[in-house]
Structure formats: structure tokens, C-alpha cells
Amino acid sequence: MRRILTLGTAAVLTLGAVTASGSAEGDLAAHGWVGTWAASPAAAVANTPQGYPNYSIRNVVHTSAGGNQARVRLSNTFGTAPLTLGRVTLAVAADGPRAAGGTMRTLTFGGQSAVVVPPGGEVLSDPAWLRVPADADLLVTTYVPTPSGPVTYHPLAQQTSFFTRAGDFAAEESGASFTERTAVWHYVSEVDVRGPARGTVVTLGDSITDGALSTPGTNHRWPDLLSDRLHGRLGVLNAGISGNRLLLDGASAGRNALARLADDVLTSGDVRTLIVLEGINDIQQNPHQTDPAMITSALRQIVAQAKAQGIRVIGGTLTPFKGWKVYDPTLEKTRQSVNTFIRTSGIYDGVIDFDAAVRDPADPLAMLPAYDSGDHLHPNDAGYQRMADAVPLTLL
């Protein structure tokens, strides 16, 4: 559904300058590990049979919760050969690829600075002492010394990151060597922190959760805007993938939501609540799923598996799409049936009526023009803000 941007693609960049102390001391009381940022692995970068040998890639990611320790999860989910990470670093961002002074940390894995990630696997770093601010940018930099096979990535970052093809500059504080740009995230899939936050909220969804057509570099995806309302009290992880479906996999849209549930939700740091907003792509993408029972069966199973892990599950109604290129009455009838199920089935611990929040009172099957990005399927920044505002914080 969305245009995929890979290495070398420029994007709008807006990064705030922040500072941090490298000390383990401070006023951030440490509880358990919570997720502060995530991006679900979606696919392998096309035409990368050898991976990116000798590249250092500096991923820019945005935190929800703060802490005084951090750890990083990295993925070779869609790789077909072992991936050697020769060096991985974590730092607080200053501006662009430059790290804030004194914040650069070389991560270890079982005490070693290098780690091998098998195809289909992921690795979790050892904890690193770093004062991580809430609502700030971090730099997660990977150096890959050897050929590795196809590169696992998240296609729609809405954020500029940086890279160099010239070798190991992962620990470079100035960022001067990172002269090329990319609008996707490579390898990195989650950052956890230990600090004052008391749990994690995960948002499982598609391009609307992924922030498609929000302003790049501004963190105006609705989960980011929800995090702004929480002020670091809970971590918020974005498990949205553009084009993702409940029932079918996609070439660049990841595994179906149920297939990726364990990796993208159930194994994340201290998940207390899951918000599910999935199903519109099953309806509007080819092949169209017009039997609502097929969609609601998958939703029931997501709820059952999450609740079996002690996670509260909140259902989000599917937003309007009248005016979208494939819209027709049959597809609309399916959406209405699914929304009735979400509102009335009783399987959820709560419901967020995103449909009611963004629809046009004068034309309830369509999105309010003030919230519409212009394609009649994806909200704009104001629409994403309206979605975030529609979440009752008491549900979390």
C-alpha cells in the first residue's frame, strides 16, 4: 500500500537536542524493564543477497518512557544467512547523526561486543547504564563486517536515519562519517528501559498505526501522541506495519497479525495492555475479505492469546474509508459488521471508538475532511491527534 524507501532515500528530519548523563545515579527510580520504542520487522530489503557488509547504520528512534538503563533488541527475522553484528552502540541523539556528549555506549551480548544472529532469529543486548530521557531521540548504530544475506527492516519509519558504507563508525560521537540518509529502520526492533514507568502499552496495527502520511520527523503517529498524554508513566510500543493484515502475509507488509503476535507483542518488555486496530486491509486489499466472521475469528484469537499472558486487550474500531480507491458498499458492509463485533462482543477489556472519533457527522461513512490526509483512508496529523485523544487513559 505504501511506497517503500530504502538506503539512500532522503526524508524530512526534525530532531531535538537533548543531553544526558552516563551515570547510573539520578532521580529515575528503576522498576522492571519496559518498552520505550519498537518497530516491527516487516520484510527483507529487496536486492540485498549479501546484506550490507562494511556498513554502519545509525538508526534514529524516539522514546516514550525514560530510564537509567537500556537494552536493545535486534532482528534477522527475514534473513536467510547468519548476521554478524561486529559492533552495536546506543547513544542519546543531539542533532542529526551526532550523539550527545558522554552518552555513547558500546553494547555487549553475553559480555561480548560482537554477536551472530541466526536467520529468523533476534538478539537482546546486555543492559547498559545510560540516562535515557522520555520523549527524546536515541541513536542505535550497527556495524556489519561481513556479508549476511537479506537485510531485515521496517519500511515506513517516517524518520530520517543515517549510514556510511566506509566501515566501523558505530562509536563515532560526532556522526561526521554518516553522510548518507535512509527513511527506514534496519535491524533494530525494540529498545527497553528500566526507570519509573510501570508497564508497557503495545499498539498492534497497520499503516494507520504505523503513521502513514503523518509529517516525517515529527513523531505524529497516534501511538506517539498517546505517549505524549502519558508523560512517561507507561512505555508505548508501536507494532504497526503498513499494509499488514489479520489473515494474510504481505511481501513488504510483514507476517499476518496473529503470526507475529508472539514476537511483536507477547515477548516485549512488561506488556500490561494491548490495543488492537487491524482488519481494514483484509477488507480493502486484494483479495478482499468480505466475510466478517473470518476477520472476527482472528480478532478473537489475538485476544485469547494475549489474555492468556495476563495482558489487557482493548479493541479499536476500524476507521472510515469512503472515497478510498476501492471503496464500495459491500466492503463498507463488512467494516460495519466488524465494528459492531468490536463494540458489542464483550471479548475486550475496553473499546476505543476510533471510527466515531474521526468520522464526518455529515457523512458518517467518510472521514472528517479536517482529519483526512487526502486519500480518504489515512488520517493526517490532526486525525492522528484525534485518535490519540480518543483513548481513555483509564483503560490503560
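# Briefing: salt bridges, sheets and packing in a predicted model

R359 and D355 are joined by a salt bridge in which the closest N and O atoms are 3.2 Å apart. The model discussed here is a predicted one, and the salt bridges found in it number 19. The UniProt annotation "domain: SGNH hydrolase-type esterase", taken from an unreviewed entry, covers residues 204-386. Over residues 204-386 the chain is 37% helix and 16% strand, with the end C-alpha atoms 18 Å apart.

**Salt bridges**

- R71 forms a salt bridge with D192, and here the closest N and O atoms are 3.0 Å apart.
- Because R71 lies in strand β4 (residues 67-75) and D192 in strand β17 (residues 188-194), this pair ties together parts that are 121 residues apart in sequence.
- R71 counts as buried at 17% relative accessibility, and D192 counts as buried at 1%.
- The side chains of D264 and R260 also meet in a salt bridge, at 2.9 Å from N to O; D264 is buried with a relative accessible area of 10%, and R260 counts as buried at 0% relative accessibility.

**The five-stranded parallel sheet**

- Five strands form an open sheet with parallel pairing, in the order β19-β18-β20-β21-β22.
- The edges of this sheet are β19 and β22 (350-352), and since each has a single partner strand, one side of each is left without a neighbour in the sheet.
- From one strand to the next, the twist averages 20 degrees.
- β18 is joined to β20 by six bridges, the two strands running parallel; in this pairing T200 stands opposite V271, while V201 stands opposite T273.
- β18 is likewise joined to β19 by six bridges, again in parallel, and T200 stands opposite G235 in β19.
- Six of the six residues of β18 are buried, so this strand is largely enclosed by the rest of the structure.
- The cover extends to both faces of β18, with T200, V202 and L204 buried on one side and V201, T203 and G205 buried on the other.

- Just after α2, H231 takes a positive phi of about 55 degrees.

**Aromatic pairs**

- The count of aromatic pairs comes to five.
- In one of these, the rings of Y52 and Y55 have centres 4.6 Å apart and planes at 25 degrees, so the pair is stacked; both Y52 and Y55 are buried.
- W222 and F354 form a tilted aromatic pair, with 5.1 Å from centre to centre and 55 degrees between the planes.
- Because W222 lies in helix α2 and F354 in helix α7, the pair ties together parts that are 132 residues apart in sequence.
- W222 and F354 are both buried.
- A cluster of rings is formed by Y52, Y55 and F163, which are linked by ring pairs.

**The three-stranded antiparallel sheet**

- A further open sheet consists of three strands in the order β2-β13-β16, and its pairing is antiparallel.
- The edge strands of this sheet are β2 (43-44) and β16 (185-186), each of which pairs on one side only.
- Two bridges connect β2 with strand β13 (residues 152-154) in the antiparallel sense, and Y153 in β13 is the bridge partner of A43.

Methods:
Residues are numbered from 1 along each chain as its sequence is written. This is a predicted model: local features need pLDDT of at least 70, side-chain atom pairs count only at pLDDT 80 or more; totals for chains, interfaces and linings use all residues. Side-chain values use heavy atoms; hydrogens and water are left out. Two strands pair if DSSP finds at least two bridges between them. Helices (H or I, at least four residues) and strands (E, at least two) are DSSP runs, numbered from the N terminus. UniProt positions are given in the numbering used here, feature names are shortened, and annotations may be inferred rather than shown by experiment. Rings of Phe, Tyr and Trp (its six-membered ring) pair if their centres lie within 6.5 Å; planes under 30 degrees apart count as stacked, over 60 as edge-to-face and the rest as tilted. Buried means under 20% relative accessible area, exposed over 50%, partly exposed in between (1.4 Å probe, protein chains only). Axes are lines fitted to C-alpha atoms, for helices over the stretch in contact, and angles run from 0 to 180 degrees between N-to-C directions. A salt bridge is a side-chain nitrogen of Lys or Arg within 4 Å of a carboxyl oxygen of Asp or Glu.
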